[in-house]
Amino acid sequence: MTHTADSPAPTRRIARERLARKREKVRAGAAAMRRETFHAGMWATRAPLWMWPALLVITGIGAALRFFRLDFPHRLIFDETYYVKDGYSVFNFGYERSWPENADDSFNAGDPSVIEPTPEYVVHPPLGKWLIGWGIDLFGADDSFGWRFTVAIIGTLTIFLLGVIAWKLFRSAFFACVAAGLLAIDGEHFVHSRTSLLDIVLMAFVLLAFFFILLDREQVTKRLAAWTKRTAEIDSFAPSRTQQNPERLTEAATTSTSTTSEAAVTSPADPSAVPRTFPTTLTESITSAAPITEAAPPTAEARRRRRTKSRDVINFGPRLGARPWIFAAGISLGLATGVKWSGLYALAAFGMLLVLWDVHSRYRAGVVHPWLGMLIRDSIPSFFKLVPIALVTYVACWTGWIRSDDAWDRQWAAENFGWWRALPDWLDWLPSLAHYHYTAYSFHVGLDSEHPYMSNPWGWIVQWRPTSFYYESYDRGDMGCTVAKCSSAITSVGNPVIWGLAGLAVLVCLIVWIIRRDVRPAVILAGLAATWLPWFAYQERTIFTFYTIVMVPFVVLAVTYCLTLVWGRVPLGGRAPGGADGGAAGSPTRVRLAGNGAASAETVPSDSSSHSGAAAPIRSTKQRFARISAALFARRLSVGLFLVAAILAFAYFWPVYTGEVIPFSAWNNRMWNVTWR
């Protein structure tokens, strides 16, 4: 090649190539060390049996609280005036019809026949209203219990779901119950579970998608752990160590467990075991030290292809196969978007979470190039399992509108000329639906009318301006009022004890993620980012604090994570009863050095076997109670006091959550912040 002035000098080019090879060698060596210590970790543990009935009891208590006097007040409150009537219309006609003025009085009296035959323009997708309409159809339009039945069921189920999610994240049955209990007694979640709005339905589908992503990570981690074990076995009998001298196969197999071998990453559990990539005759040759006579040596081309394939797998990692939980998450996110468009934010945030978590998992599993591995192996399959599935699910939520003839904008394409005239007849609804979405989006971004309870997202994390759903004032003798003036209020304000620490909990999660490189707070923050951060782009729009119901589960998870940090761990050799030390009951806890150098505590099942080169798990003793230091006792006592304070706060605010008639002074005493009035 002719050397030009623009091309680097040969010596510089050679130096760069040598440096690149050196960097690649160092990267490959570090990846081999990570493969040596990688295992399923906490994902391999199972929940103790007592956790499930405990979660069911907590869920049952939450259900009893939510269904108690669910029919009060027997009138449409706050935005129920839209969603309950639209739910009745959608369930009976397939789309929203208009209502005459003062239709609330007729509907409250149990007479929905005043509905008009003309379509109504609405700006929210129909799925949430379909679910509300199901409850109305089940109990009758004259029963206010039926108006709110569906949201009460959904709110109750999310208590149990959050407990299972907390178990997946923290691997502590005790703190799984804590998370479920905190959600059950949070005021905002409680009020939304008793008011027929769309937001708690949106929250349920977002939380369900988050749960499916955790299930996918559990499956992926176990598959990568199996891959690292197979890779270690193959590397232990690498051809480069034996193909030059077949007579030394016996010695190579005998010494494959030695850590002095640079090619060995981890040894097989049984020295006589042979990886499945070798024929059975090789086992006989190893154990008897007899020369290989049954199989012909591979050709140079076959060895080259094998080395290339092995190097490709090590560089980019394995294909993870079918990942059905991503498919399920796509369906859930499509359903969330079918309730409110803010489900799109969760779709985008959880999609990025999947990408980053795939990269992190491949890195921890010892893949040399985790980013390239994610792009080559995971990106395209995961995208098609998530985004198109969510889109198809969302469009399916509009089935009632599509099948109708006189819904709002249904005939827009037929009444206007354009390129869509070339579409087949069975797709004539598509441009009409697109135009409907365009007008609805224009309405959403342009909504700036003043409202007494509008709020800014900056104040949501501290419940600066909660939303009043219902308020009535009574004089002496009315509704059992025994003083000069009484109040009956339903205010969507979060439990002050939980939300009083919410901002600090978010900050702690961020710091712990940065310092300890713990994935769990990062995942919780991803959920908060999906449900809170997008609203900062609409600070000039009319928005309300009750939108935070979608972020309530992630706030509870952040607070629970901080409680686990305060709770601490029992010294090795003892454990707290029921596995409350952060691991499952009967599972020892040990501290290992992560592949990236960060110390992380993981729970390992009692019957798990460690690879060669990794520290063996320390088995805990059978004692039920362990002596703990005074400092650890004080920390755990503070956690207990926090939980008691949260329960007492919920009891104290019960009247303003349920609309009880109380003296005005009692209502005023519960308005701790002037902005709550």
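Is Cys177 buried or exposed, and what is its relative accessible area? Cys177 is buried, since its relative accessible area is 12%, where buried stands for under 20% relative accessible area, exposed for over 50% and partly exposed for the range in between, with a 1.4 Å probe and protein chains only.

The structure is a predicted model, in which local features need pLDDT of at least 70 and side-chain atom pairs count only at pLDDT 80 or more, while totals for chains, interfaces and linings use all residues. Residues are numbered from 1 along each chain as its sequence is written, and side-chain values use heavy atoms, leaving out hydrogens and water.

Across the protein chain there are 24 helices and 5 strands, these being DSSP runs numbered from the N terminus (H or I of at least four residues for helices, E of at least two for strands). Of the 677 residues in the protein chain, 53% are buried.

A search of the whole structure finds 1 disulfide, a term that denotes a pair of cysteine sulfur atoms within 2.5 Å. This disulfide joins Cys481 to Cys486, and both of these cysteines are buried. Because the torsion about the S-S bond of Cys481 and Cys486 is about 80 degrees, the disulfide is right-handed. For Cys509, by contrast, the closest cysteine sulfur lies in Cys562, too far for a bond, and Cys509 is itself buried, with a relative accessible area of 0%.

| Cysteine pair | Sulfur to sulfur distance |
|---|---|
| Cys481 and Cys486 | 2.0 Å |
| Cys509 and Cys562 | 4.7 Å |
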